[in-house]
Amino acid sequence: MLSYDENGNLRDYEESQKKVVCGKCHKTYLQETEEQVAGFKEVDDDVCPYCGHINDRSGDVEFFNHKLEDNQ
Ligand SMILES: [Zn+2]
């Protein structure tokens, strides 16, 4: 997927990133997930970067959520 990063450069996002719609405020954000290391797993929350609502949680992956630019 092609998108612009925070510096305005076009980059090819990896497949671990996807767009998610918040279940509370219905805004779309970019979610990046990273597998947790076995033996060091903690439950991580999928927190909406706009309103702070927790949409999901996982003990297998960490969530890194980013706001999308308004013009996308
Ligand atoms: Zn939200």
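Modeller: The chain has seven strands and zero helices. Please keep in mind that this is a predicted model. From the N terminus on, the elements run β-β-β-β-β-β-β.

Colleague: Which residues coordinate the zinc ion, and through which atoms?
Modeller: The zinc ion is coordinated by the SG atoms of Cys-22, Cys-25, Cys-48 and Cys-51, at 2.3 to 2.4 Å. Along the chain, the donors follow the spacing C-x2-C-x22-C-x2-C.

Colleague: What makes the arrangement of the four donor atoms tetrahedral?
Modeller: Look at the angles! The four donor atoms around the zinc ion subtend 106 to 113°. Four donors count as tetrahedral if all angles lie between 85 and 135 degrees, so the arrangement around the zinc ion is tetrahedral. For orientation, the ideal angle for four tetrahedral donors is 109.5 degrees.

Colleague: With those cysteines in mind, how many disulfides does the structure hold?
Modeller: The structure holds zero disulfides. For that label, a pair of cysteine sulfur atoms would have to lie within 2.5 Å.

Colleague: Why is Cys-22 called buried?
Modeller: The relative accessible area of Cys-22 is 1%. Buried means under 20%, so Cys-22 is buried. Cys-48 is buried too, because its relative accessibility is 3%.

Colleague: And what makes Cys-25 partly exposed?
Modeller: Cys-25 has a relative accessible area of 26%. In the chain of 72 residues, buried residues make up 24%.

Colleague: Where is Cys-48 placed, and which residues is Cys-48 in contact with, leaving aside its neighbours within four places in sequence?
Modeller: Cys-48 is in the loop between β5 and β6. Leaving aside those neighbours, Cys-48 is in contact with Cys-22, Cys-25, Tyr-29, His-53 and Asn-55. Gly-52 is also found in the loop between β5 (44-47) and β6 (54-58). The C-alpha atoms of Gly-52 and Lys-24 are separated by 9.3 Å, although these residues are 28 apart along the chain.

Colleague: How do you know that β4 and β7 pair, and in which sense?
Modeller: Strand β4 (residues 28-35) and β7 share seven bridges, in the antiparallel sense. Two strands pair if there are at least two bridges between them, so seven bridges make β4 and β7 a pair. As one example, Glu-34 has Glu-62 in β7 as its bridge partner.

Colleague: Which order do the strands of the open sheet have, and why do β3 and β7 stand at the edges?
Modeller: The three strands have the order β3-β4-β7, with antiparallel pairing. β3 (17-21) and β7 (61-67) each have a single partner strand, so one side of each is left without a neighbour in the sheet. From one strand to the next, the twist averages 35°.

Notes:
Residues numbered from 1 in each chain as written. Predicted model: local features only at pLDDT ≥ 70, side-chain atom pairs only at ≥ 80, totals over all residues. Heavy atoms only, no water. Donors = N, O, S within 2.8 Å, 3.2 Å for Na, K, Ca; no water. Tetrahedral: all angles 85-135°; square planar, octahedral: opposite > 155°, others 65-115°. Buried < 20%, exposed > 50% of the residue type's maximum accessible area, 1.4 Å probe, protein only. Helix = DSSP H or I, 4+ residues; strand = E, 2+ residues; numbered from the N terminus. Axes fitted to C-alpha atoms, helices over the stretch in contact; angles between N-to-C directions. Contact = heavy atoms within 4.5 Å.
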